[in-house]
Amino acid sequence: MTNEERRAALEAIIYAADEPATIEQLAGALGEEKLVVQAALDELVASYAAEERGIEIRAVAGGYKMYTKPQQHDVVRRFIKSLRPPLRLSMPALETLAVIAYKQPATGPEIGEIRGVNTSGVLKTLLEKRMIVTAGRKEVIGRPILYKTSKEFLMRFGLSDLDELPSLKEFEALAREALGGDEGIAPGETEFTSEARIGDTRSANSASAEMEAREELLEETAANNEGMPEAPSDEPRKAAAAGE
């Protein structure tokens, strides 16, 4: 097989694959050494990046997959929106997803402590939308379920692995792009959980009454948009009442 034939074969496989194709899978399909296949793949990736094409090949989720180039996102987004409704997540769901992404694996109680509200409804939504998966149970009293982000999460956000996660300030912009702009985010509060709250669970206990009351409003918004009521914990209600 010539190098040109090798690149053409790799292009065809990556185009046809539903999931990111790993270098092991590509080498096995071509029946050649991984180093040889990797060299041809690097050339193919470079050619897509340099030429005036509407798509590119990215390394995501441990493999390689074709994506539209950023400059074509608007026109592709309009086309996709004409075919199916976008994936919609409320801001409480995005906040919960951010907590899991940066603290994983994390349990429901741990996530609730950071956000200051009961997150069982939002967790159910994220599981149904395949943004998160279960990761066993924590070896503590009650053995609560652990949650982590899924392969679908990496693909949706165009990440090769979790080491590529951006800062929390960049996460909101990335979420808007990955979920189809503002249309992909259900109406509600637009401020993400801060890095301090994710980095230190004690901040959830020291939040002001105003912040806790705002969290309750977020959960009510999530219930309206998601169709899955999410009951706030007693502590936020007590804190809000104390601040009145």
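Residues are numbered from 1 along each chain as its sequence is written. Because the model is predicted, local features need pLDDT of at least 70 and side-chain atom pairs count only at pLDDT 80 or more, while totals for chains, interfaces and linings use all residues; side-chain values rest on heavy atoms, with hydrogens and water left out.

The chain holds 13 helices and 5 strands, where helices (H or I, at least four residues) and strands (E, at least two) are DSSP runs numbered from the N terminus. Of its 244 residues, 41% count as buried; here buried means under 20% relative accessible area, exposed over 50%, and partly exposed in between, with a 1.4 Å probe and protein chains only. Among contacts in the chain with a separation of 6 or more, 60% come from residues 24 or more positions apart, a contact being heavy atoms within 4.5 Å.

Two helix pairs involve helix H1 (residues 3-16). With helix H2 (residues 23-30), H1 packs at an angle of about 125 degrees, and the axes are 11 Å apart. That angle makes H1 oblique to H2. For reference, axes are lines fitted to C-alpha atoms, for helices over the stretch in contact, and angles run from 0 to 180 degrees between N-to-C directions. Angles under 35 degrees count as roughly parallel, over 145 as roughly antiparallel, 65 to 115 as roughly perpendicular and the rest as oblique. On the H1 side, Arg6, Ala9, Leu10, Ile13 and Ile14 meet Leu26, Ala29 and Leu30 of H2. This contact of H1 with H2 has 7 nonpolar, no polar and 1 charged residues; Ala, Val, Leu, Ile, Met, Phe, Trp, Tyr, Cys and Pro count as nonpolar, Asp, Glu, Lys and Arg as charged, and the others, Gly among them, as polar.

With helix H3 (residues 34-50), H1 packs at about 75 degrees, the axes lying 9 Å apart. H1 and H3 are therefore roughly perpendicular to each other. Residues of H1 in this contact include Asn3, Arg7 and Glu11, and those of H3 include Val36, Leu41 and Tyr48. The residues of the contact of H1 with H3 divide into 8 nonpolar, 1 polar and 4 charged.

In soluble globular proteins, nonpolar side chains tend to be buried together. A nonpolar core is a set of buried Ala, Val, Leu, Ile, Met, Phe, Trp, Tyr and Cys residues joined through side-chain atoms within 4.5 Å. The largest one has 29 residues, of which Leu97, Ile100, Leu126, Ile132, Phe153 and Phe157 touch the most other members. Helix H5 (91-103) gives the most to this core, with 8 residues. A second, separate core of 15 residues includes Ile14, Ala21, Leu30 and Met66.

Which residues of H7 are buried? They are Gly121, Val122, Leu123, Thr125 and Leu126. The C-alpha atom of threonine 125 is separated by 10.0 Å from that of serine 90, 35 residues away along the chain. Serine 90 is in the loop between helix H4 (73-83) and H5, and counts as buried at 1% relative accessibility.

The peptide bond from glutamine 104 to proline 105 is cis, with omega near -5 degrees. Arginine 130, in the loop between H7 and strand S4 (132-137), has a positive phi near 65 degrees and is exposed, with a relative accessible area of 55%. Arginine 143 also has a positive phi, near 40 degrees, and counts as partly exposed at 40% relative accessibility.
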